[in-house]
Amino acid sequence: PPSMPPSQTPSLPPSVPPSEPPLTGGAEADATTTSFLGYFDNFKCVGEQYCGGADCLATCTTDPTCAAVQQHSNRKHQGYKCSTVPNDLKNGPMTVQEMLLKSPSKWSLFVKQQDQPSLPPSS
């Protein structure tokens, strides 16, 4: 096949794939990450692997049986579903972005925040 002249070769801007958010403190918070609170260095849930990588929180968000995800704080490895929120959590709560800054990465818990009903106006 004929090759395109260099001036017509499409150039793709360097970008981060949408499923892999930047792992820095400057990462923009999205609706998924803001709906979770993190508890650093907690190992509470065991079982079969539920998800992997940065997609774990999105997977839990759409699963009504998922209350929390057990995953390394850098969100780069496998995750395990918690059907209920464990008791006696330590080192939190903090935002997902704060969790990403913790070093070294440790097993941690990302707890899904349930929608809170609006309080009636005070009279």
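Me: What makes C66 count as buried in this predicted model?

Reply: Buried is the word for a relative accessible area under 20%, and C66 has a relative accessible area of 2%, so C66 is buried. The model is a predicted one, and the value is computed from its heavy atoms.

Me: Why are C60 and C66 called a disulfide?

Reply: The criterion is a pair of cysteine sulfur atoms within 2.5 Å, and the sulfur atoms of C60 and C66 are 2.0 Å apart, so the pair meets the definition. C60, the partner of C66 in this disulfide, is buried as well, because its relative accessibility is 0%.

Me: What makes the disulfide of C60 and C66 left-handed or right-handed?

Reply: The torsion about the S-S bond is what decides the matter: for C60 and C66 it is about -100°, so this disulfide is left-handed. For C51 and C56 the torsion is about 110°, so that disulfide is right-handed, and for C45 and C82 it is about 115°, so that one is right-handed too.

Me: How do you know that C51 and C56 form a disulfide, and are these two cysteines buried or exposed?

Reply: Their sulfur atoms are 2.1 Å apart, which is within the 2.5 Å that the definition asks for, so the pair qualifies. C51 has a relative accessible area of 8% and C56 one of 0%; with the limit for buried set at under 20%, both are therefore buried.

Me: Why is the pair of C45 and C82 called a disulfide, and which parts of the chain does it tie together?

Reply: The computed separation of their sulfur atoms is 1.4 Å, and because the definition requires a pair within 2.5 Å, C45 and C82 are counted as a disulfide. C45 lies in the loop between β1 (36-39) and β2 (51-52), whereas C82 lies in strand β4 (residues 78-82), so the pair ties together parts that are 37 residues apart in sequence. C45 counts as buried at 7% relative accessibility, and C82 counts as buried at 3%.

Me: How many disulfides does the rule give, and what is the pairing?

Reply: The count comes to 3 disulfides, and, when the bonded cysteines of the chain are numbered in sequence order, the pairing is 1-6, 2-3, 4-5.

Me: What makes S73 buried, and where is S73 found?

Reply: S73 is found in the loop between β3 and β4, and its relative accessible area is 0%, so S73 is buried. Leaving aside neighbours within four places in sequence, S73 is in contact with several residues, among them F40, M99, S108 and F110.

Key
Residues numbered from 1 in each chain as written. Predicted model: local features only at pLDDT ≥ 70, side-chain atom pairs only at ≥ 80, totals over all residues. Heavy atoms only, no water. Helix = DSSP H or I, 4+ residues; strand = E, 2+ residues; numbered from the N terminus. Buried < 20%, exposed > 50% of the residue type's maximum accessible area, 1.4 Å probe, protein only. Contact = heavy atoms within 4.5 Å.
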